[in-house]
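Welcome! Take a moment to look over the sequence and the 3D view before reading on.

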Amino acid sequence: MKLEVVSRSGRSIATLDVNPDSTVAELKKKFHGLKKTYYPARQRFALPVKAGETRGQVLSDDSKRLSDYGLAEGGKLEFKDLGPQIGYSTVFFWEYFGPLVVYPLFFFLPQYLYPHIKKKLACAYWCFHYAKRIVETFTVHKFGHATMPIFNLFKNCGYYWGYAAYVSYFVNHPLYTAPNQTVSVACLAAAVLAQLGNFWSHLILAGLRKPGEKEYRIPKGGLFNYVSCANYTFEIWGWLLYSVAVQSIPAYLFAATGAAQMTQWAIAKHNRLRKLFDGKDGRPKYPRRWIIFPPFL
């Protein structure tokens, strides 16, 4: 069957001759053969907008057949260029590699910055956290999409690398007044436990789906029995405890910024799970849980 590919403004881009049983992935490969600039990860196809709708259905599942979306001879598809893409693992590696390297520079090279700096535990915790994140990126995390816009690499690295330098500069500054040692050690020890809880939560999430599965599951086990986004809960507690341990304004700002972003993600995920698992038509009912930070949210 022949399908016309048009831009969102309606301009004709190409006509593709495809089999109705072809998958979306095969459609993207065929389009890439005609338009070399648009490799598959950069493509997004959608059905034309129907009356009463604000946007057409996106062909989001690469494994589905075109006929499953109701496409037939003479049909139209709207094409959107998602822009240059980059792999999730690549972005995660570089955004976490920066803080892992930048923070210790202020600790290990004091002769170039300022002398006599002894903040071993704070530096060790910081490096432990980002080393853990890099390991998780390649061994634990399962990404819903293969790529993301390449702009995210610069945005995310700017955030993580910038905050690493900002926090480390003041925590390791010669005029910095270290807090009570007992409080610092206790808080950093508790922060390590929070990071281990975060790691355990990521293992639970990674085990929800079998290879090839994409449908949502209700997370269960550990803190997930009480909180929708337990991984974020542990992450926030880890950085709050770190901030109390070092008692530095930049550390508190870093914790607050991260907590604000994770709260937005958590609310969106919580609402999505409640909508998907509404207890109707045989679907399970999503249990009553806190969103991210009991007893406040």
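Which helices each supply at least two residues of the nonpolar patch? They are helix H5 (151-171) and helix H8 (249-276). This is a predicted model, in which local features need pLDDT of at least 70 and side-chain atom pairs count only at pLDDT 80 or more, while totals for chains, interfaces and linings use all residues. Residues are numbered from 1 along each chain as its sequence is written, and side-chain values use heavy atoms, with hydrogens and water left out.

**The overall picture**

- The protein has eight helices and six strands; helices (H or I, at least four residues) and strands (E, at least two) are DSSP runs numbered from the N terminus.
- Starting at the N terminus, the order of elements is β-β-α-β-β-β-α-α-α-β-α-α-α-α.
- The C-alpha trace spans about 75 × 50 × 35 Å along its principal axes.
- Of the 297 residues, 41% are buried; buried means under 20% relative accessible area, exposed means over 50%, and partly exposed lies in between (1.4 Å probe, protein chains only).
- Take the contacts (heavy atoms within 4.5 Å) between residues at least 6 apart in sequence: 70% of them join residues at least 24 apart.
- The accessible surface is about 16600 Å², and 61% of that belongs to carbon and sulfur atoms; such areas come from the Shrake-Rupley method with a 1.4 Å probe, and for residues only the protein chains shown count as cover.

**One side of helix H1**

- Helix H1 (residues 24-34) has Val24, Leu27, Lys28 and Phe31 as buried residues.
- These residues cover an arc of only 100° around the axis, which puts them on the same side of H1; the arc is taken from the directions from the helix axis to the C-beta atoms.
- The cover over the buried residues of H1 includes strand S1 (2-6), strand S2 (12-17), strand S3 (43-46) and strand S4 (76-81).

**The nonpolar patch and its rings**

- Tyr166, Tyr169, Phe170, Ile249 and Leu253 make a nonpolar surface patch of about 460 Å².
- A patch is built from residues with over 30% relative accessible area and no salt bridge, with like charges joined within 9 Å and nonpolar side chains (Val, Leu, Ile, Met, Phe, Trp, Tyr) within 5 Å.
- H5 gives the most to this patch, with three residues.
- The structure holds 34 aromatic pairs. In one of them, the ring centres of Tyr166 and Phe170 are 5.6 Å apart and the planes stand at 90°, so the pair is edge-to-face.
- Rings of Phe, Tyr and Trp (its six-membered ring) pair if their centres lie within 6.5 Å; planes under 30 degrees apart count as stacked, over 60 as edge-to-face and the rest as tilted.
- Tyr166 and Phe170 are four residues apart in helix H5, so about one helical turn separates them. Tyr169 and Phe170 also pair edge-to-face, with centres 5.1 Å apart and planes at 85°.

**Salt bridges**

- Side chains of opposite charge can pair when their charged atoms come close.
- The whole structure has 10 salt bridges, each a side-chain nitrogen of Lys or Arg within 4 Å of a carboxyl oxygen of Asp or Glu.
- Lys132 and Glu136 form one of them, with the closest N and O atoms 3.1 Å apart. Lys132 is buried at 9% relative accessibility, and Glu136 is buried at 1%.
- Asp281 and Arg283 meet in another salt bridge (3.8 Å, N to O). Salt bridges that share partners also join Asp21, Arg65 and Asp68 into one network.
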